[in-house]
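Hi,

Here is the structure I promised to pass on.

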Amino acid sequence: MDDTATRRAFLIGATSLAGGLITVLPVSDARATPETMQAAIKKVIASAPLRKGKVTLHLPPLVENGNSVAMDVAVESPMTADNHVRAIHVFNEKNPQPNVVSIRLGPPAGQAKIATRVRLADSQRIMAIAEMSDGTFWSDEVDVIVTIAACLEDPV
Amino acid sequence: MKPPERCIFVVGALICAMTSPLLIARAAEIPLNERKSGSEFMGPDTRAMQDDDTANPGTFWVLDGEALWKRKVGAAGKSCADCHGEASESMKGVAARYPAFNAARGRPVNLDQQINICRAERQQATPLPLEAKELLALNAYVARQSRGMPIDVTIDERTQPFLEAGRATFYRRQGQLNFACAQCHDDNWKEKLAGSPITQAHPTGYPLYRLEWQNVGSLQRRLRNCISGMRVDNYPLGAPELVDLELFLMWRARGMPIETPAVRP
Amino acid sequence: MARALINVPPKAKKGEIITIKTLISHEMETGYRHDNVGKPIPRNIITQFVCTYNGLEVFRADLYPAIAANPFITFNTVATATGTFEFKWTGDNGFAQTETANITVE
């Protein structure tokens, strides 16, 4: 087992010592990795450079429960016909697959700001990428620590 | 460290901490003015989720409960509304008083049980299964009518023995780890367990939407989670021991406002 | 029909940027979980959310299993004219739900 799966098993083991009696989270064989995250990002930006800035991604640094984590993304932009955010894409590194959400907007939005609640399978890096009307891509990233609830259920 | 070794290390640390003489000597009630609801231990985002009805998934259960309140069921063809009228008037303060003594049964019953007693006896309908969506919805709708009101269970010569039974469960060391509920929730509520804050365990917001369940659940479901976490032989849903413990916990939280439907991690 | 909660201000000034909050009841089953006998639970999620304002699309989101159960989405739009917002959620197993909300713009 790689280190992240081991750490998750450790946290589960520490709080339900008889082991085995857990239906918890999605621990799938097909997990996103930093490489699959990069591949998913490439599908969106192709060969364009990814710049840091304009985007503010916010997630709580220490998450209470990975099943539902408040996330908001804001992008600086006047949102005029000539200068606006066309899309916002959010990616993750360690969930079973790399995409979180893809938003399409335009000048009718007035401001490029969204909020939602996401699932995070483990402590990981989340990245938000904004696609501007001039074809440029801007990004922000956040490192999040995910703990699990201390008292889990028996299955049934 | 490999997982089994880490596991033993953490368990050992917990046992040492929990059995240290200092902590045993301290097993004392939290002073009334130091009591805090579970919502004070949550981050601002989760608190915002609870405080905004349009962002709180628990609202769906309240809305379902409102529909069920008006639905005629059973051989008697009656709805809750037929006897109780507008819930916003008739149910105000009710959830704050439960568990309450039921003379016919000679013991306290909780709100789920009272709803099923009404169904069986007044509506001549089959009782709803515990933890079923409909029962949670009705309970959430009724309890929502008490939101903001102080918890006020009646302790008199009839309910006193059951309060004592619940209190004894709360303070008794039990299970594989030889823990008592009080050791975490009276003595160590300022600390963390596996990264999560240990709350004081006041049932101010039930039924509530728990992020861990991605669902609304009852106090008894949460108690069973705790009890299995303590490695104690669990009580089945609806067990009298759980109702006694509910009575004790509500008494322990007396005066604190109802928050139903709350959101918790 | 899933329950949905929409929060749109009933009134706004022309040109004002308003915030719309939406919450819909849906378990968003990821497709990565197994039941207690090890059988995979099939994916069942909402895959798309679209908002139109007086017929014009103002917001679109493609959702993945990483969106939490009971999807909550908040976004902004400019209040241009009195009229109707239409919110449409679509997803796996033919899931489709539409809700509307009115706004008065002065």
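Below is what I found, chain by chain and then at the contact.

A word on conventions: this is a predicted model, in which local features need pLDDT of at least 70, side-chain atom pairs count only at pLDDT 80 or more, and totals for chains, interfaces and linings use all residues. Residues are numbered from 1 along each chain as its sequence is written, while chains are lettered from A and ligands numbered from 1 in the order in which they are written.

Chain A has two helices and nine strands (DSSP runs, H or I of at least four residues for helices and E of at least two for strands, numbered from the N terminus). Its elements run α-α-β-β-β-β-β-β-β-β-β from the N terminus.

Chain C has zero helices and eight strands. The C-alpha atoms of chain C fill a box of roughly 60 × 20 × 20 Å along the principal axes, and buried residues make up 36% of its 106 residues.

For chain B, the mean pLDDT (the predictor's confidence in each residue, from 0 to 100) is 91, with 90% of residues at 70 or more. Residues 1-9 of chain B fall below 50, and this stretch has eleven contacts beyond near neighbours in sequence; a contact means C-beta atoms, placed from the backbone, within 7 Å. Residues 20-26 of chain B are also below 50, with five such contacts. Where pLDDT is low, the predicted coordinates should not be read in detail.

Helix α4 of chain B covers residues 58-69.

Finally, the contact between chains A and C takes 29 residues from chain A and 24 from chain C. On the chain C side, β5 (56-63) and β6 (72-78) each supply at least two residues. Strand β7 (residues 112-118) of chain A runs antiparallel to β6(C), joined by two bridges (DSSP must find at least two for strands to pair). Within that pairing, A:Ala115 has C:Thr74 as its bridge partner.

Best wishes

Terms used: Buried ≥ 20, exposed ≤ 12 C-beta atoms within 10 Å, placed from the backbone. Contact = placed C-beta atoms within 7 Å. Expected span 1.5 Å × (residues − 1).
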